[in-house]
Amino acid sequence: MGEPSLFSTPVSMAPAPQQKSTKAVPLTCHGHSRPVTHLSFSDVVEDEQYYLISACKDNNPMLRDGVTGDWIGTFIGHKGACWQARLSSDATLAATASADFSAKVWDTHTGECLHTLQHAHIVRAVAFPSQPRPQILATGGVEKKLMVYDLSQSRISPNSNSSSPTSPTFGANGHASHPPGYEIGPGVHKSTIRSIIWGGDLNILITACEDKNIRWFDVRTRSPIATYAVDGTIGSCELNPSKSTLSVAAGKSAYFFSGTSPSQLLKRATFPKEVASVAVHEGERKFVTGGNQDTWMKVWDLDGDGQGDPLDVWKGHHGPIWSLGFSPDGKLCASGSEDGTVKLWKFCEGGYGLWK
């Protein structure tokens with residue numbers, strides 16, 4: 001890719017082949033060299049602007065303009081596959097979970113690695129609260145521990161290089177710190193934590209695990225308050241932009257829980273084939289699924305049961321779709337695939353972003 005430059009756009013936005021069932025040609029964001037494992041949007045931060053971050057097995061998470069998909073920079077520093085990446089609500093911080101037994105926190109303006117949180121095993125999940133303050137991060141993974149770190153109380157490693165990065169390339173040669181952390185629900189998790197969600201209530205943390213259980217925890221008491229067992233291996237677990245609905249893809253079903261009331265199931269839709277990812281758009285009363293056995297995204301009626309035909313089928317990826325998410329304004333849907341690309345699909349009428 002060459003030497004990155006902040007706010008430059010060296011990555012071409014090539015449109016995928018247009019299908020008759022789609023309203024607009026999706027934008028294809030290139031740059032990753034291996035499967036994209038996760039993506040997520042920030043909230044709207046200023047002048048209708050928001051950002052998108054993607055995690056990839058090539059070790060190098062990427063930051064993009066959320067409206068256009070234009071590449072901003074690549075965070076360099078992980079030594080293993082990056083499993084999950086999230087932005088703080090104000091997009092000033094990024095957090096990444098990696099197979100190199102660490103989670104890292106990055107400054108999105110300078111690209112500096114602010115914190116390296118070392119773990120005893122692969123880190124699969126990270127989560128910020130829905131407010132930028134206080135600066136807190138939750139992590140989890142193969143260690144089977146749900147950890148919470150106070151990023152405002154950092155201890156600088158004596159081996160860290162205190163100089164600022166000399167290149168706009170996002171690197172790990174800045175301050176490496178070790179903020180204090182504590183475990184939520186010690187001994188509760190018996191399997192790998194695949195995803196962590198900070199609920200609409202800042203006192204609630206949610207985990208999705210390989211034992212097919214969704215768990216809700218009270219941060220104040222550090223103890224579990226609810227559990228829901230799903231039928232099938234959990235693929236994705238995400239909160240919609242308004243923080244009102246938790247969407248879970250597991251086996252052949254999509255589960256929709258209340259984002260504020262622990263374990264309250266709002267709806268379950270069951271399909272003929274397994275789903276790997278799901279995202280809901282409450283305003284349009286629709287949701288989108290991605291499969292692990294095909295390359296298509298399907299749009300469904302949120303008030304239906306998933307048994308009929310989808311409202312639309314989006315074609316363009318060349319591998320299973322592992323992650324889906326709607327933009328904070330609801331006008332875009334992003335998808336991350338085994339084919340190593342991120343695609344942006346217009347989910348509104350009229351011109352928007354690069355479709356204007």
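Strands are DSSP runs of E with at least two residues, and helices are runs of H or I with at least four, both numbered from the N terminus; two strands pair if DSSP finds at least two bridges between them.

The model is predicted, so local features need pLDDT of at least 70 and side-chain atom pairs pLDDT 80 or more, whereas totals for chains, interfaces and linings use all residues. Residue numbers start from 1 along each chain as its sequence is written, and side-chain values use heavy atoms, without hydrogens and water.

**View 1. Pairing of β20 and β21.** Residues 245-250 (β20) and 253-258 (β21) are joined by 6 bridges in the antiparallel sense. Ser247 lies opposite Phe256 of β21.

**View 2. The open sheet β19-β20-β21-β22.** Its 4 strands follow this order with antiparallel pairing. β19 and β22 (265-270) are the edge strands, each with a single partner, so one side of each has no neighbour in the sheet.

**View 3. The largest pocket.** The pocket holds about 390 Å³ of space. Of its 22 lining residues, Thr37, Arg124, Arg194, Gly235 and Trp322 are the closest to the centre. β19 provides the largest share of the lining, 5 residues. A pocket is an open set of points on a 1 Å grid over the protein atoms alone, where a 1.4 Å probe fits, with protein on both sides within 12 Å along at least five of seven lines; lining residues have an atom within 4 Å of a point. Points are joined across faces, edges and corners, and the volume is the space filled by probe spheres set on them.
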